[in-house]
Amino acid sequence: MSSPRTPLPGPPLSLRHWPTWLGIGAMALAARLPWLWQRAIGRGIGTLLRHLLRERRAVAARNLALCFPELDEAAREALLRAHFTSLGIGLFEFARAWWGSVEPMRRRLVVEGLEHIEAARAGGRGVIVVSGHFSTLEMCGRLMCDHVPLAGMYRPHAEPAMEWAVRRGRARYAAAMFPKQDVRSAVRHLKQGGLLWYAPDQDPSRGDAVYVPFFGQPAHSLTSTHALARMSGAAVVLYQHRRRADGGYTLTLWPAMEDYPSRDATADTARVIAGIETMARAAPDQYLWIHRRFKRRPDGTSPYADP
């Protein structure tokens, strides 16, 4: 997705992209279904995915065993089922955020802590708005953009047609979007007093990273929040979002982190990841447990060796 000031090039229309366009068309139509229908169908899709995606189901089950050792097997199985239900609903949330109306969500929206953004922006300072990878990520990002001019960093899609469609969808509400490789533009945006959404909670394939605790496990984590804050002078505000049982959403902005960044990249990264852990504990079914969060260990082993 790009800044609204950057013209979007024409869509890729060659024959090899047509299957993707058919899928995009189906998602765009699904985005227009009533929200109650989407939630019901999403639950069914989640159940289907739990049966079909055996490897991802095994990864999620292993993550839950590592992160919630205090739960018995029955409780973790119930959480696993709830997680896939959340993923199924999340598919409709993504589609609706990109191509549908969010008016039904606005009617049941609760937003807390906007004053923390205003305080952090005092004097024209930029703000890094840090969250994690939750199934509600895209929907809650669009809803938050109703209240603050939020930009973000993203990983481009490998399929050009999907990349074009998502960029066009996000351009409806985001202040700007920067590919993850374009750090210079993101830093410039922050130096100009902009807000940048960022999620540093996945095991990176590249970039500076350290091991810090996440649910008591050593988690290979990017130090980029620390680096972005040091390069730009931006404040860091943690952003929690969750889907409630009544179908509404609660968005919560925390006070800006004090004495951040410090000179210690590992300590700063640990603080950020601890905040994301708090968010995941508040909505454990909605965190992205199908990701191999602990695939790198300090001793070179992997808990997913035999999924």
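Guide: Before the strands come up, one term is needed: two strands count as paired if DSSP finds at least two bridges between them. Please also keep in mind that this is a predicted model.

Visitor: How many residues of β3 are buried?

Guide: Five of the five residues of β3 are buried, so the strand is largely enclosed by the rest of the structure. Leu150, Gly152 and Tyr154 point one way from β3, while Ala151 and Met153 point the other way, and all are buried.

Visitor: Zooming out, what is the strand order in the open sheet?

Guide: The open sheet has seven strands in the order β1-β9-β8-β2-β5-β3-β4, with mixed pairing. Its edge strands are β1 (109–112) and β4 (177–179), each of which pairs on one side only. If direction is ignored, neighbouring strands of this sheet are turned by 25° against each other on average.

Visitor: In which sense do β2 and β8 pair?

Guide: Strand β2, residues 127–130, and strand β8, residues 235–243, pair in the parallel sense over four bridges, and within β8 it is Leu238 that stands opposite Val130.

Visitor: Which strands does α7 touch?

Guide: Helix α7, residues 137–144, packs on the sheet and touches β1, β3 (150–154), β5 (195–198), β8 and β9 (249–253), and the direction of the helix makes about 70° with that of β9.

Visitor: Let's switch to helix pairs. At what angle do α2 and α4 pack?

Guide: Helix α2 (residues 35–52) and helix α4 (residues 73–99) pack at an angle of about 130°, with their axes 7 Å apart. That angle makes α2 oblique to α4, and the crossing of the two is right-handed.

Visitor: Which residues make that contact?

Guide: On the α2 side they include Trp35, Ile41, Gly42, Ile45, Gly46 and Leu49, and on the α4 side they include Leu80, Phe84, Gly88, Ile89 and Phe92. The residues of the contact of α2 with α4 divide into nine nonpolar, five polar and six charged.

Visitor: And α1 with α8, at what angle do they pack?

Guide: Helix α1 (residues 18–30) and helix α8 (residues 160–170) pack at about 30°, with their axes 9 Å apart. Because angles under 35 degrees count as roughly parallel, α1 is described as roughly parallel to α8. The crossing of α1 and α8 is right-handed.

Visitor: Which residues meet there?

Guide: Thr20, Trp21, Ile24 and Met27 in α1 meet Ala161, Met162, Trp164 and Ala165 in α8, and the residues of this contact divide into seven nonpolar, one polar and no charged.

Visitor: Which residues of α10 are buried?

Guide: In α10, residues 224–232, the buried residues include Ser224, Thr225, His226, Leu228, Ala229 and Ser232. The helix is followed by Gly233, whose phi is positive, near 75°.

Visitor: Last one: where does Pro261 lie, and what does it touch?

Guide: Pro261 lies in the loop between β9 and α11 (265–282), and Pro261 is partly exposed, with a relative accessible area of 25%. Not counting residues up to four places away in sequence, Pro261 touches His226, Ala229, Arg230 and Asp268. The C-alpha atoms of Pro261 and Arg142 are separated by 28 Å, the two residues being 119 residues apart along the chain.

Conventions. Residues are numbered from 1 along each chain as its sequence is written. This is a predicted model: local features need pLDDT of at least 70, side-chain atom pairs count only at pLDDT 80 or more; totals for chains, interfaces and linings use all residues. Side-chain values use heavy atoms; hydrogens and water are left out. Axes are lines fitted to C-alpha atoms, for helices over the stretch in contact, and angles run from 0 to 180 degrees between N-to-C directions. Angles under 35 degrees count as roughly parallel, over 145 as roughly antiparallel, 65 to 115 as roughly perpendicular and the rest as oblique. A crossing is left-handed if the near helix is turned anticlockwise from the far one by less than a right angle, and right-handed if clockwise. Contact means heavy atoms within 4.5 Å. Ala, Val, Leu, Ile, Met, Phe, Trp, Tyr, Cys and Pro count as nonpolar, Asp, Glu, Lys and Arg as charged, and the others, Gly among them, as polar. Buried means under 20% relative accessible area, exposed over 50%, partly exposed in between (1.4 Å probe, protein chains only).
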